[in-house]
Amino acid sequence: MAEHVEESGSKSESFIEKIAEKIHGDGSSSSSDSDNEKPSSPSALKSAVYRLFGRQKPVHKVLGGGKPADVFLWRNKKISAGVLGGATAVWILFELLEYHLLTLACHILILTLAILFLWSNASTFINKSPPRIPDVRLPEEPFLQVAQELRFEINLGLSVLRDIASGRDLKKFLAVIAGLWVLSIVGSWCNFLTLFYIAFVLLHTVPVLYEKYEDQVDSFAEKAMCEIKKQYAVFDEKVLSKIPRGPLKDKKKA
């Protein structure tokens, strides 16, 4: 009799456990359904927003990250102001005062060597220790890294120019021709040093302003890009499509 009671009790307990599992399962499924019905996260919505030049990374990452990006984005205002002030001083020295690089280098070396030579010889008379001239040796690894990066960028540029010259993309060809034409006009207005200084100043002003007003600039750029695409479609329909083109011959071997 006691065994029969225990058996009926265990059956009832197992039945209650099954009901509880079923209830919890329905609750979890309903909660998962409600989670699926929730709107996308803010990061997903932010990634769907139009960004200038199809940018997917933050401005700091686009500029390469690290200390150079910190300087361009004015993370440390003292360092950024010092770099920009130094570049301005060099431009004033060579462009406005018409100082020459070789003359400046020779004068700096003459002054430095004269000071060190006189200090080394006068230290015995004035009872002071002679100057400690460091043994400067340039490491090999940074120069190899710069050479590799420069080689990669040059090869990439040559590949882009080859792709443009092959006639595959008329839109890219016209954009490059227009850019080179504008650059040639700007180059006729000023020399290379002034052009380099202008680019340096733009690197220290445009990225930080763009990072500050990113949403407004991207919204305006999206509208401008849509308008440019409309105008290009009209130009393609009225002009480019009427240019006769020869038949393409496939020279691929079977």
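Here is a walk through this structure, from the whole chain down to a few single residues.

What you're looking at is a predicted model, in which local features need pLDDT of at least 70 and side-chain atom pairs count only at pLDDT 80 or more, while totals for chains, interfaces and linings use all residues. Residues are numbered from 1 along each chain as its sequence is written, and side-chain values use heavy atoms, with hydrogens and water left out.

Let's start with the big picture. The chain has 10 helices and zero strands; here helices (H or I, at least four residues) and strands (E, at least two) are DSSP runs, numbered from the N terminus. Follow the sequence and you get the pattern α-α-α-α-α-α-α-α-α-α. Of the 254 residues in the chain, 11% are buried. Buried means under 20% relative accessible area, exposed means over 50%, and partly exposed is in between (1.4 Å probe, protein chains only). Contacts tell you how the chain meets itself, and a contact means heavy atoms within 4.5 Å. Take the contacts between residues at least 6 apart in sequence: 53% of them join residues at least 24 apart.

Now zoom in on a pair of helices. H5 covers residues 77–96 and H9 covers residues 192–212, and they pack at an angle of about 165 degrees with their axes 11 Å apart. That angle makes H5 roughly antiparallel to H9. The axes are lines fitted to C-alpha atoms, for helices over the stretch in contact, and angles run from 0 to 180 degrees between N-to-C directions. Angles under 35 degrees count as roughly parallel, over 145 as roughly antiparallel, 65 to 115 as roughly perpendicular, and the rest as oblique. H5 and H9 also have a left-handed crossing, the term for when the near helix is turned anticlockwise from the far one by less than a right angle (clockwise would be right-handed).

Who does the touching? On the H5 side, the contact includes Ser-80, Val-83, Leu-84 and Trp-91, and on the H9 side it includes Thr-194, Tyr-197, Phe-200 and His-204. Sorted by class, the contact of H5 with H9 has nine nonpolar, four polar and one charged residues. For these classes, Ala, Val, Leu, Ile, Met, Phe, Trp, Tyr, Cys and Pro count as nonpolar, Asp, Glu, Lys and Arg as charged, and the others, Gly among them, as polar.

The largest nonpolar core has five residues: Leu-84, Ala-87, Trp-91, Tyr-197 and Phe-200. Such a core is a set of buried Ala, Val, Leu, Ile, Met, Phe, Trp, Tyr and Cys residues joined through side-chain atoms within 4.5 Å. H5 and H9 are the elements that give two or more residues to this core, and H5 has the largest share, with three. Leaving out residues up to four places away in sequence, Phe-200 touches Val-83, Leu-84 and Ala-87.

Two other residues are worth a look. Thr-194 is found in helix H9 and is buried, because its relative accessible area is 11%. Apart from neighbours within four places in sequence, Thr-194 is in contact with Trp-91 and Glu-95. Thr-194 and Phe-94 are 100 residues apart along the chain, yet their C-alpha atoms are separated by 9.7 Å. Ser-80, in helix H5, is buried too, with a relative accessible area of 0%. Not counting residues up to four places away, Ser-80 touches Asp-70, Val-71, Trp-74 and His-204.

H9 has another partner. H9 and helix H10 (residues 214–238) pack at an angle of about 95 degrees, with axes 5 Å apart, and they are therefore roughly perpendicular to each other. Here Tyr-210, Glu-211 and Lys-212 in H9 meet Glu-214, Val-217 and Asp-218 in H10. That contact divides into two nonpolar, no polar and four charged residues.

Finally, check out the loops. Most residues other than glycine have a negative phi. Trp-74 isn't a glycine, but has a positive phi of about 60 degrees. Trp-74 sits in the loop between helix H4 (66–72) and H5, and counts as partly exposed at 25% relative accessibility. Glu-98 isn't a glycine either, and has a positive phi of about 55 degrees. Glu-98 is in the loop between H5 and helix H6 (101–122), and at 61% relative accessibility Glu-98 counts as exposed.
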